[in-house]
Structures are given as C-alpha cells and as structure tokens.
Amino acid sequence: QVQLVESGGGLVQPGGSLRLSCAASGTIYSINDMSWYRQTPGKQRELVALISPLGATTYADSLKGRFTISRDAAKNTVYLQMNNLKAEDAADYYCKMTIKRYSWGISVDYWGRGTQVTVSS
C-alpha cells in the first residue's frame with residue numbers, strides 16, 4: 001500500500017508565500033514523475049507543476065516565476081514553493097506521484113487527499 005500525505009496549506013494574505021509538502025510512504029521501489037494539481041469548486045483539476053526524476057520541470061504558463069517545484073528523492077517527497085500568492089491561487093492542492101511498488105511491477109498514479117490554500121486579507 002502507498003499513501004501520499006500533503007501538508008503546508010493554510011490561510012495566507014495576498015502577496016504572501018506558502019510551501020506545500022507531499023510525502024509518500026509504503027512499499028515503494030521507484031518514483032517517476034511527481035506533480036501538483038489544484039482544484040476549485042465547479043472546475044476541473046488542473047496541473048500546477050511537474051518534476052521528472054532527473055529534475056526537469058513543467059509549469060502552468062500562468063504560474064511561471066511564482067511557483068517552484070522540487071523533490072527530495074531520499075525522502076520520497078515533493079515540494080511546491082508558492083510566492084506572491086494571489087486570490088485566484090486559492091484552491092485545494094493535490095500531489096500526484098507515479099510509483100512502481102516492485103521492480104517487476106508497473107507504474108501507477110497515486111494521489112494525495114489534498115491540502116487547502118486560502119488567499120485572503
């Protein structure tokens with residue numbers, strides 16, 4: 001079994017910063033891509049950022065320059081540093097990891113339960 005647990009969400013004023021973390025635990029052989037998504041009520045979940053095992057990153061165009069994704073392979077953890085937050089960044093943020101549990105197995109996508117980010121003065 002694999003579990004992803006996000007942390008770091010909360011209330012922040014416009015212009016402020018937050019750092020989200022997502023740690024994977026359980027039987028893990030390897031982790032491929034790690035990514036962050038966000039979702040607001042009534043809208044589809046959208047990709048925020050993705051990082052490959054070698055550190056290549058992809059960002060939503062609207063977030064480039066404000067958000068930074070990073071990973072710690074030894075800790076099976078992905079981070080999202082969010083700076084200069086705006087009201088429109090408020091959402092539930094979810095991490096996703098593509099994980100192979102055994103050397104002979106296939107890679108499967110796992111999701112965390114989400115952490116809420118509220119941006120308000």
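Figure 1. Read along the sequence, the predicted chain follows the pattern β-β-β-β-β-β-β-β-β-β-β, which comes to 11 strands and 0 helices. Helices (H or I, at least four residues) and strands (E, at least two) are DSSP runs, numbered from the N terminus. The radius of gyration is 14 Å, close to the 14 Å that the globule rule gives for 121 residues, so the chain is as compact as a globular protein of that length. This radius is taken over C-alpha atoms, and the globule rule is 2.2 Å times the number of residues to the power 0.38. Along the principal axes, the C-alpha atoms fill a box of roughly 50 × 25 × 25 Å. The model is predicted: local features need pLDDT of at least 70 and side-chain atom pairs count only at pLDDT 80 or more, whereas totals for chains, interfaces and linings use all residues. Residues are numbered from 1 along each chain as its sequence is written, and side-chain values use heavy atoms, with hydrogens and water left out.

Figure 2. Of the 121 residues, 38% count as buried; buried means under 20% relative accessible area, exposed over 50%, and partly exposed in between (1.4 Å probe, protein chains only). The chain exposes about 6700 Å², of which carbon and sulfur atoms supply 46%. Accessible areas come from the Shrake-Rupley method with a 1.4 Å probe, and for residues only the protein chains shown count as cover. Among contacts between residues at least 6 apart in sequence, 56% join residues at least 24 apart, where contact means heavy atoms within 4.5 Å. The mean positions of the 13 positive and 9 negative charges are 4 Å apart. Lys and Arg count as positive and Asp and Glu as negative, while His and the chain ends are not counted; the place of a charge is NZ of Lys, CZ of Arg, CG of Asp or CD of Glu.

**Figure 3. The largest nonpolar core.** This core has 29 residues, and those with the most contacts inside it are Leu4, Trp36, Val78, Leu80, Met82, Tyr93 and Met97. Two or more residues each come from strand 1 (2–7), strand 3 (18–26), strand 4 (30–39), strand 5 (46–51), strand 7, strand 8, strand 9 and strand 11 (115–119). Strand 9 gives the largest share, 5 residues. A nonpolar core is a set of buried Ala, Val, Leu, Ile, Met, Phe, Trp, Tyr and Cys residues joined through side-chain atoms within 4.5 Å. In soluble globular proteins, nonpolar side chains tend to be buried together.

**Figure 4. Lys96 and its contacts.** Lys96 is placed in strand 9 and is buried, with a relative accessible area of 15%. Leaving aside neighbours within four places in sequence, Lys96 is in contact with Leu4, Asp33, Met34, Ser35, Tyr37, Asp109, Tyr110 and Trp111. The C-alpha atoms of Lys96 and Ser70 are 13 Å apart in space, the two residues being 26 residues apart in sequence.

**Figure 5. Two asparagines with positive phi.** Most residues other than glycine have a negative phi. Asn76, however, has a positive phi of about 50°; Asn76 is found in the loop between strand 7 (67–72) and strand 8 (77–82) and is partly exposed, with a relative accessible area of 22%. Asn84 likewise has a positive phi, near 50°. Asn84 lies in the loop between strand 8 and strand 9 (91–100), and its relative accessibility of 41% makes Asn84 partly exposed.

**Figure 6. Val108 in strand 10.** Val108 is found in strand 10 (residues 107–111) and counts as partly exposed at 34% relative accessibility. Not counting residues up to four places away in sequence, Val108 touches Met97, Thr98 and Ile99. Val108 and Asn84, 24 residues apart in sequence, are 34 Å apart in space, C-alpha to C-alpha.

Figure 7. Gln44, in the loop between strand 4 and strand 5, is exposed at 74% relative accessibility. Beyond residues up to four places away in sequence, Gln44 touches Arg38 and Gln39. Ser121 sits in the segment after strand 11 and is exposed at 83% relative accessibility. Under the rule that residues up to four places away in sequence are not counted, Ser121 touches Gln13 and Pro14. The C-alpha atoms of Ser121 and Val12 are separated by 7.6 Å, although the residues are 109 residues apart along the chain.
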